[in-house]
Amino acid sequence: MKEFVYWLLSEKNSKLKIGLFDRWHFLYLLVIIGGFILISFLYMHKDDKAKEKTIRVFAYITIGIYVSDFFLMPLSDSYGYSIGINDLPFHICTIMATLVPFVQFSKKFSKIKSAIVTLSVASSLMWMCYPGSALGGQPPFSYVIFSKFMFHGFLFAWGALNLSLGAVKLEFKKIWKEFCVILGILVWAIIGNTLYGPGQNWFFIEYSIFPFLSNEVMPLMVVLCVFGTCLVVYGGYFVISTIAKKCHKPSLEFKHV
């Protein structure tokens, strides 16, 4: 049994390899984005209770995948049979995962829910488009690849379903909340890099991951890129909302939000 689990979670269980924008990368994107679209269409005309239950399920799965990873990674040769501290909640996606339960299940955090939803969609989309941490020549269905895509996929779906099913409404005049949260993440990442460094590069602010950018400008570029992606999410949200209204479809919203 032990040997089977090690083989199942290993990078050596297949000769296949995943690469940037290859068929395996596109397959993951197709499953994640296609699955979100399918669920949105299936539930868009359901009652509020059904929508809320669906979104809650995705919240449970998102935090469940994140927590279970710490128990499974020591069984995988991808992590050297140990727990990798890089998965601690100092990257934007892992921070979002830890905040999902608070904004989903407690009304005390309702004021920042729209920001967490937007940043969950934005950060997971950025990673899925360029999954640098999952492009080391591993098999496409090895644990390290599958777990990362599933984590980011469910984080994306949770945030996107909040928008598509009307649980959260975006307003451009409140986008300053996203910017403030990004700055808070920046400070939190600096604390993490300082405490656990040297060598840690949470939020990619310690050293550049691109050869054409210097280390000094990375913090500014990260903040601008994340906020810029939030603007894209807002733009997509309003374009789709406008199209839906022109098609004479009723506005989808939760009565209690």
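Rings of Phe, Tyr and Trp (its six-membered ring) pair if their centres lie within 6.5 Å, and planes under 30 degrees apart count as stacked, over 60 as edge-to-face and the rest as tilted. By this rule, the count comes to 21 aromatic pairs. These views show a predicted model, in which local features need pLDDT of at least 70 and side-chain atom pairs count only at pLDDT 80 or more, while totals for chains, interfaces and linings use all residues. Residues are numbered from 1 along each chain as its sequence is written, and side-chain values use heavy atoms, leaving out hydrogens and water.

View 1. Phe90 and Trp202 sit 112 residues apart in the chain. Both Phe90 and Trp202 are buried (under 20% relative accessible area; exposed is over 50%, partly exposed in between, with a 1.4 Å probe and protein chains only).

**View 2. Phe172 and Tyr234 make another tilted pair.** Phe172 is partly exposed, at 45% relative accessible area, whereas Tyr234 is buried, at 1%.

**View 3. Ring pairs join a cluster.** Its members are Trp24, Tyr28, Trp127, Phe141 and Phe149.

**View 4. Ala167 is a buried residue.** Its relative accessible area is 3%. Look for Asp48 too: the C-alpha atoms of Ala167 and Asp48 are separated by 8.7 Å, although these residues are 119 apart along the chain.

Definitions and conventions. Helices (H or I, at least four residues) and strands (E, at least two) are DSSP runs, numbered from the N terminus.
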